[in-house]
Amino acid sequence: MTFVRPAVLAAAVLAAAVLAPALASAATVSLSADSPSIHAGMPFTLTLTAKGFAEDPPPAAPELAIDGATVTFLGVSPNVSTRITVINGRTTEERDVTFLYRWRVNAPAEGSYQVPALEIAQEGRSARTSAASFEATAVPDTPDMIVRMDLPEDGVYVGETFDAEVEWLLARNVETFEFVVPLFDLEGAVVEAAPGTGRTVRFAAGASDVELPMHRGEEVIRDRTLTRFRFPARITLARSGSFELAPVRVVARLQTGETRDRLGFRRPQYRLYRAEGRARRLAVRPLPIAGRPASFVNAIGGGFSIDVQASRTVVSLGDPVELTVRVRGDGTLEGLTLPPLAGPGGLPPGQFSVPDGDVTGRIDTETNGKVFTVTVRVTSAEAKEIPPLAFSWFDPSAGEYRTARSRPVALSVDAAAIVGAGDVVAAPALAAAADRRPLDVPASGAPAGIATLIGADMSLSDPRETLARPWGAGDLRIVLGLLYAVPGLLVLIAWWLARTGRQRARQREIRAAFREVERALASAAPAREAAPAIVAAVRRLAGLHGADRAAANAALERLETRAFDPAAAGDPIEGDLIDEVRAVVRTWAREAPRPAASTAAVLVVLGGAAAGVVAMATAATPGTELAEARARYAEALSQTDRERRVRLFGAAEQAFRPFAAANPDAARVQADWGNAALGAQDAGRAVLAYRRALRAMPNDARSRTNLAWLRDRMPAWLPHPPTGGSALDSLLFWQGLLNPAQLHLVAAGAFALALLALAGRFLGRRRGLAILVAPALAVWAGAIASAFGSRPHPGEAVVVADDTTLRSADSAGAAPALARELPAGAEVIILESRGAWSRVRLADGSSGWLAAGTVQRVAANPP
């Protein structure tokens, strides 16, 4: 399918230019549209061109209102051209200024619309257009095009940046197209492109445009394969409320056939069609008032951190100290400000003086952060450090406020010696040593940033095996049922065959005797040859069958007489006599036992089991989007700048995340996702990914190594789940090699082997197979016990948000259940879920309540 970018349509004049009254310099205005045809429900741009006006000050834009249509002013832009002429050595410079005023107009229904006269005036000059009109025509629908909008189902918070996606499905080639997305036109909506590379498509967003990345794929709807284009965006809304969104719409020229031009070459034919999605409702909740910390200003998002650096650490009283405050996080940075430095969580008023007013910062796109520079003065000799500064934000995923604190910076006021770098970090180093934690873990217990990745296995999986599932993945109920049922059926059949062996041998002899009689009766030989053969065959059949020979004696005697009659011995036996004997024999056939059932049914059952095993072994094939995620990861590894490397790892983690969610049984892609999260300093999702990988493949060395590495860097007070290592674990070594599903398959296979060996013993063949019964049953018992014993708890979960408070009840106002906040990566068991809260238990038995958005289950699809 071809895909052509929208063409800029030629301008169409709506009304002729109207000249202003005769002035020293004539001023003119003209009105035009950017499209030769205007369609109902699709916006177009109306441009007012003004010439002959002075460059400064620019003329004010006129008010434009069109009855029945929606009008959005897009702005004014001056076009300046300079012309220089030299005549008789005299240089003359002339400047022509053209002002372009643009409006986006959307006529919702077909019909005629009136454009009022517009006037431009400037210091005595003016020009006015005539009233004009335009006709909006309807565009037919088509089943070959579908458009829809993907929005959060549970609503969002005001100021939260959320993901939205326009999906467009096509069954034909397209030439030009245009979208209308009502969400993008909401007042105060900020629309940004989602991370991605490759081709982009322009969308109208309020008074501006935004370029959204385009991802191509396929989707099957009602046995029809359509080409699917996805356009992801990130939206931030500045107003709360319940918004009724009109359907997303698209108008496109679709190929309807082919024709030939004047030279005979084939040319595609196109026709204009439209498609419309369904109306949506989006609930935008206001930020809660309860629990709002004093250090909260306007930050909304997740994973924020604050870092403070001082221009000097040896000062005298009254000396200025320039502080560089860097705030990083996943949220909107435009408009983000620092909390008041003299307020709660800031600098002590008795030791520092701070400037009044807000501090203006600059956005650092490389590190996804904002940098603030502020100068403070030390006013007391009691100041020993720049204390930890608090920065609070609202986390929409958890529905609560969070606070991060910077590390203290040691100061020496009126000191004789210069404070070295080792002294500057001495305070947090001592605190870390006291708590037996690494230096990159602050006193709260949450990793503030992983200082180094030395010791972690940061390699990626083989791209050919990234989405491969281990054997035994998927729904095993049918396969296990066949492995248990088919051998059992075979044992019953073998037992039945052994019990009826002699009877079946006798039946085979009887059937052979019947066939011999039929051959003799069908012979056309003379009576002297055919009669003895028939008599012998019938008497043998009667002896095997046990039938009464009296019924056949008369006919047999006539046959013998015929055989010895010199006059008739050379002629064939009469048909009546043959029919009489055949009737008697067929009477015996109806009284004979039926043959045993065919083994075809057994083969059908075995074939079904084999088909189930083959179906279980299917695996997904990596696509181009997975290659893009791997490319981002490789780019992050190659970076030497730490902040940029963390940022790129974050982009790789977001790219790997949908693949990990769609393939919970693919251990390698889970480990790849965990590595990307680890590089992005996201300990919570890293632990979650490694736990999911080990659930699918317990012997995955990369996940084992990195999970142990992360656990070693957690606070010493945080309990971890038992990791094995006991004598029983060494004895049951296979539990570390196989997951429960694989153990169930091994148990079923051993059980099937035991029953098959027992079936062979019943049949009296390969008697040596009988010695396999006891070992196979022992393997079955051990595997089945290990499968049930190693089955993970369905409530296993990981805390994915930093500084999470474990509360004593399911309420944001409940008292903390622990003296310290749980760090991201803490491993818990979910005992119950109640609305937006989950009751969890730590490995040491401590329990409490966590906001549901701060914890994720290890099982991707819990029962």
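What share of the contacts in the chain with a separation of 6 or more comes from residues 24 or more positions apart? Such residues account for 69% of these contacts, where contact means heavy atoms within 4.5 Å.

The model is a predicted one, in which local features need pLDDT of at least 70 and side-chain atom pairs count only at pLDDT 80 or more, whereas totals for chains, interfaces and linings use all residues. Residues are numbered from 1 along each chain as its sequence is written, and side-chain values use heavy atoms, with hydrogens and water left out.

The chain holds 16 helices and 39 strands, which are DSSP runs numbered from the N terminus (helices: H or I, at least four residues; strands: E, at least two). Of its 863 residues, 43% count as buried, that is, under 20% relative accessible area with a 1.4 Å probe, protein chains only. The accessible surface of the chain comes to about 43600 Å², and 54% of this belongs to carbon and sulfur atoms; the areas come from the Shrake-Rupley method with a 1.4 Å probe.

| Strand | Residues |
|---|---|
| strand 35 | 796-799 |
| strand 36 | 827-834 |

The axes of helix 12 (residues 683-696) and helix 13 (residues 701-712) come within 9 Å and cross at roughly 145 degrees; axes are lines fitted to C-alpha atoms, for helices over the stretch in contact, and angles run from 0 to 180 degrees between N-to-C directions. Among the residues making this contact are Y690 and L694 of helix 12, and L707 and R711 of helix 13.

T804 lies in the loop between strand 35 and strand 36 and is buried, with a relative accessible area of 1%. Not counting residues up to four places away in sequence, T804 touches R402, V799, E821, L822, L850 and T854.

Notes: Buried means under 20% relative accessible area, exposed over 50%, partly exposed in between (1.4 Å probe, protein chains only).
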